[in-house]
2 protein chains.
Amino acid sequence: MKRVFKDTTIITMNSNRECYQDGGLVVEDATISKVGRVCPEDLATADEVISLPGRVILPGLVNTHVHTSQQLARGLGDDVSVFTWFYNRIWPFESHMTEEDSYISTLLSACELIRSGVSTFAEAGGQYINGMGKAVTQAGIRGILTRSVMDIGEGPMKMLDPVEKLMASQEEMLDLWHNQANGRIKVWFALRTLLNNSEKLVLKTFQLAEKHGVGVHMHLSEILEEVEVIRKRAGFSPVGYLAQLGALVPYLLAVHAVWLSEEDINLLATHDVKVSHNPAAALRVLGFPKVTEMMARGICVGLGTDGAPSNNRMNILDEMWLTTLLHKGRLHDPMAMPAETVLQMATIDGARCLHWENEIGSLEKGKKADFVVLNPNTVGMMPVHDLVSNIVNSMHSDNVESLVVDGLFVLKEGKILTIAEDDVIKESGERARAIAKRAEIHLTPRFPLC
Amino acid sequence: MKRVFKDTTIITMNSNRECYQDGGLVVEDATISKVGRVCPEDLATADEVISLPGRVILPGLVNTHVHTSQQLARGLGDDVSVFTWFYNRIWPFESHMTEEDSYISTLLSACELIRSGVSTFAEAGGQYINGMGKAVTQAGIRGILTRSVMDIGEGPMKMLDPVEKLMASQEEMLDLWHNQANGRIKVWFALRTLLNNSEKLVLKTFQLAEKHGVGVHMHLSEILEEVEVIRKRAGFSPVGYLAQLGALVPYLLAVHAVWLSEEDINLLATHDVKVSHNPAAALRVLGFPKVTEMMARGICVGLGTDGAPSNNRMNILDEMWLTTLLHKGRLHDPMAMPAETVLQMATIDGARCLHWENEIGSLEKGKKADFVVLNPNTVGMMPVHDLVSNIVNSMHSDNVESLVVDGLFVLKEGKILTIAEDDVIKESGERARAIAKRAEIHLTPRFPLC
């Protein structure tokens with residue numbers, strides 16, 4: 001199957017950051033075979049020619065931190081203390097989810113990802129990789145799935161287990177799902193947070209990740225309490241502690257990375273650890289991470305939405321805008337975080353965070369055909385004096401016209417082709433209410449009901 | 001004309017904050033005649049009955065600070081210094097606009113306002129009230145129009161004039177446009193900023209505003225330089241200076257109010273000055289205003305988007321989300337800015353900022369029929385455990401199904417009825433390019449073009 005997309009603006013995000021006006025893209029099956037100018041021969045030999053005047057093609061966006069299993073808990077933990085969020089809302093909710101709930105939750109999450117132009121996401125760690133894997137297979141996007149593991153402290157009741165059991169279950173899921181769905185699904189190891197992870201679990205995780213050649217997804221230096229507890233427990237900062245254990249490695253994706261000392265940043269840079277920045281969650285509850293400082297040290301930083309109850313939007317387009325705002329505001333410098341840097345974080349650097357940059361993150365010959373077709377002709381995005389800035393600062397989901405992943409349309413001209421969206425919305429509401437009921441979570445209405 | 005809206009959730013934002021599930025709203029011509037439960041007699045006597053199951057009706061949102069004349073400059077001042085923003089981008093752009101440009105710019109702005117559920121906005125001050133007035137008349141929404149005036153310092157070249165001429169032109173516009181379009185248009189006086197306004201101009205403005213019984217719209221304590229210059233020029237902070245002039249009055253809308261001392265906050269509270277908070281502009285360039293502290297002192301704070309080149313979204317839904325995030329982040333407290341407070345700012349407190357709370361800002365018998373019909377059944381907003389939180393934190397323009405202003409649909413089931421949206425988008429692009437060309441503004445492409 002050979003498809004030619006033509007008459008369109010193309011932002012490649014390749015190493016030279018080349019763009020084409022009135023350009024073209026040739027896709028053969030799942031792979032890009034040409035970027036830039038199409039010739040008469042391409043058109044003559046194509047099975048399909050798609051003309052996209054006035055549109056813009058950019059690489060599929062990468063969301064490096066998503067809790068798909070928390071999608072049904074959107075709004076359950078708003079305007080409450082961190083304690084209430086964990087103990088009375090999210091842990092009970094996650095504890096009462098079934099594998100089928102996880103499947104529907106991931107489908108709903110996938111719809112929001114697709115509509116925001118995300119072709120690849122990294123799961124923060126739910127309980128049911130089978131549920132997630134089934135949903136991602138159907139959705140047609142790429143996902144790195146993980147099971148969230150913890151062996152000490154408190155957390156969702158079903159997640160705490162002895163190390164051996166946790167490692168066995170993750171290896172089992174790796175066997176089952178890694179490289180499935182035409183390679184769209186990968187399985188990584190995950191650590192929830194050092195507050196919940198023993199030294200034995202951390203060591204075993206990195207040992208097995210190395211053995212299997214996959215990455216480790218981990219919340220790190222997320223909240224101040226974590227820094228205090230680990231300093232007391234181990235005598236180091238969380239980052240310093242991982243360094244001592246030999247666990248600062250290039251295939252570690254450290255999520256949030258808020259409470260870092262200069263020395264911590266040095267350690268992350270030296271060991272080429274990747275960082276996932278989640279600006280909404282940072283503003284809402286965590287604190288302001290030193291992202292520009294990390295990037296100045298050469299640390300690769302991608303963007304993430306976190307989970308719905310921490311944000312409450314799972315929309316990477318909003319996170320792009322927020323990334324520019326947060327760091328301009330934090331440093332009181334309107335030049336602190338330019339749009340081209342943010343677009344890099346949401347595309348090629350996101351791919352690097354997931355060790356997937358050989359196949360995705362930019363539009364180049366030989367890479368996978370993952371791309372967004374955006375229509376800038378809306379009242380929220382026009383006029384376009386500065387296309388890259390408008391993409392980062394003004395674009396909304398209504399500008400995402402189509403999304404191609406692995407050479408196939410998952411969203412075409414505004415319609416999701418892989419998921420019965422209305423059915424999922426309806427079932428999500430029903431399941432969300434049922435889980436909250438089982439978990440005995442009751443919210444007090446904010447306004448009186450008549 | 002009597003219309004009944006029924007079978008819907010209603011958030012009134014009245015003084016008791018009452019909500020109705022499966023409720024109804026009766027509208028007679030431009031006025032609400034009943035809120036809550038409709039009876040058989042209402043249905044029998046109605047000209048039209050509209051059933052809205054699964055939908056939510058809330059008051060039309062109020063955007064208290066909009067530069068409609070900067071809409072065509074979206075993206076023109078991104079990632080540059082404040083100096084460049086003013087001198088090389090926005091002032092030249094505004095200086096080269098015509099009245100017809102202002103008309104189209106305001107139409108484009110009105111489309112974005114309508115799609116974000118805004119029924120009423122306050123103009124920050126453009127040059128051409130005739131252009132704006134024509135557009136607002138057509139758009140069908142409410143607007144408080146102002147001409148931005150300045151008599152000292154530097155600014156857009158056509159805006160600087162002697163005090164007498166400035167006051168005469170504003171009074172002329174007041175005569176022409178105040179209370180026009182069935183009362184949907186009001187005209188206020190405006191002061192651009194103390195950096196550009198002499199003492200004589202300030203005094204004359206407040207004198208005439210009092211004489212005509214209208215308000216004054218003014219950027220105040222916006223940037224640190226303003227505080228420094230006024231302290232040097234007058235010996236007071238900007239707020240303290242206005243207090244000395246007797247210009248701190250309840251009908252002053254102070255926009256941004258970022259660089260305030262405790263004493264400044266006391267003064268604003270004592271004199272019941274209203275404040276417009278623009279969180280995106282605050283993060284992007286201005287600094288973090290003490291909004292929660294102001295509200296704790298009883299100051300009425302509304303929300304605004306500012307202009308497109310300062311944000312770059314003119315979407316009050318994004319500003320609501322950002323308001324929760326900014327103040328939670330600033331105070332590192334997830335309970336600092338609850339959703340119900342933000343919804344209050346975007347509705348009834350916005351109306352109070354504009355001295356229009358007797359007619360708009362809440363759904364009550366006798367008030368104008370200005371309301372949003374929102375459809376929460378999208379992948380970005382579902383599930384709904386906490387409706388008010390989802391409205392503030394998750395809602396996007398795609399949830400705004402209809403907007404009624406003054407009893408008439410301006411947006412119905414996703415279609416703007418008052419403006420030929422596609423034509424305006426097209427013409428906006430052409431005019432935006434033409435103005436930038438006349439103003440000799442050239443942006444360097446962020447990425448190389450092949």
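Helices and strands here are DSSP runs, numbered from the N terminus; a helix (H) has at least four residues and a strand (E) at least two. With that in hand, remember that this is a predicted model.

**Stop 1: the two chains**

A general point comes first: two copies of a chain are related by a rotation about an axis and a shift along it.

**Stop 2: where the chains meet**

Select the contact residues on both sides. 69 residues of chain B are in contact with 69 residues of chain A. Colour the chain B side by element. Strand E2 (19-28), helix H3 (99-115) and helix H10 (279-286) of chain B each give two or more residues, among other elements. Which element gives the largest share? H16(B) does, with six residues.

**Stop 3: the core**

Select Ile114(A) and Ile114(B). In the largest nonpolar core, which has 297 residues, these two touch the most other members. Stay with Ile114(A) and leave aside residues up to four places away in sequence. Ile114(A) then touches Ala139(A), Ile141(A), Leu403(A), Val410(A), Leu411(A) and Ile416(A).

**Stop 4: a sheet in chain B**

Strands of a sheet pair through backbone hydrogen bonds, either parallel or antiparallel. Select E6, E7, E8 and E9 of chain B. These four strands form an open sheet in that order, and the pairing is parallel. Which strands lie at the edges? Strand E6 (61-66) and E9 of chain B do, and each pairs on one side only. Neighbouring strands of this sheet are turned by 15° against each other on average, direction ignored. Zoom in on strand E8 (residues 142-145) of chain B. Three bridges join E8(B) to E9(B). Pick Leu145(B): its bridge partner in E9(B) is Val187(B).

**Stop 5: two cis peptide bonds**

Go to Asn311(A) and Asn312(A). A cis peptide bond joins them, with omega about 5°. Asn312(A) sits in the loop between strand E14 (301-303) and helix H12 (316-331) of chain A. Then move to chain B. The bond from Met382(B) to Pro383(B) is cis as well, with omega near -5°. Pro383(B) lies in the loop between strand E15 (371-374) and helix H15 (387-393) of chain B.

**Stop 6: two positive phi angles**

Select Asp29(A). Phi is positive here, near 50°, and the residue is not a glycine. Asp29(A) is in the loop between strand E2 (19-28) and strand E3 (31-36) of chain A. Now select Asn179(B), also not a glycine, with a positive phi of about 70°. Asn179(B) is in the loop between helix H5 (163-177) and strand E9 (185-187) of chain B.

How exposed is each? Asp29(A) has 13 other C-beta atoms within 10 Å and is partly exposed. Asn179(B) has 11 within 10 Å and is exposed, because a residue counts as exposed at 12 or fewer.

Note on methods: Residues numbered from 1 in each chain as written. Chains lettered and ligands numbered in written order. Predicted model: local features only at pLDDT ≥ 70, side-chain atom pairs only at ≥ 80, totals over all residues. Buried ≥ 20, exposed ≤ 12 C-beta atoms within 10 Å, placed from the backbone. Core = buried A, V, L, I, M, F, W, Y, C linked by C-beta atoms within 7 Å. Contact = placed C-beta atoms within 7 Å. Pairing = 2+ DSSP bridges. Axes fitted to C-alpha atoms, helices over the stretch in contact; angles between N-to-C directions.
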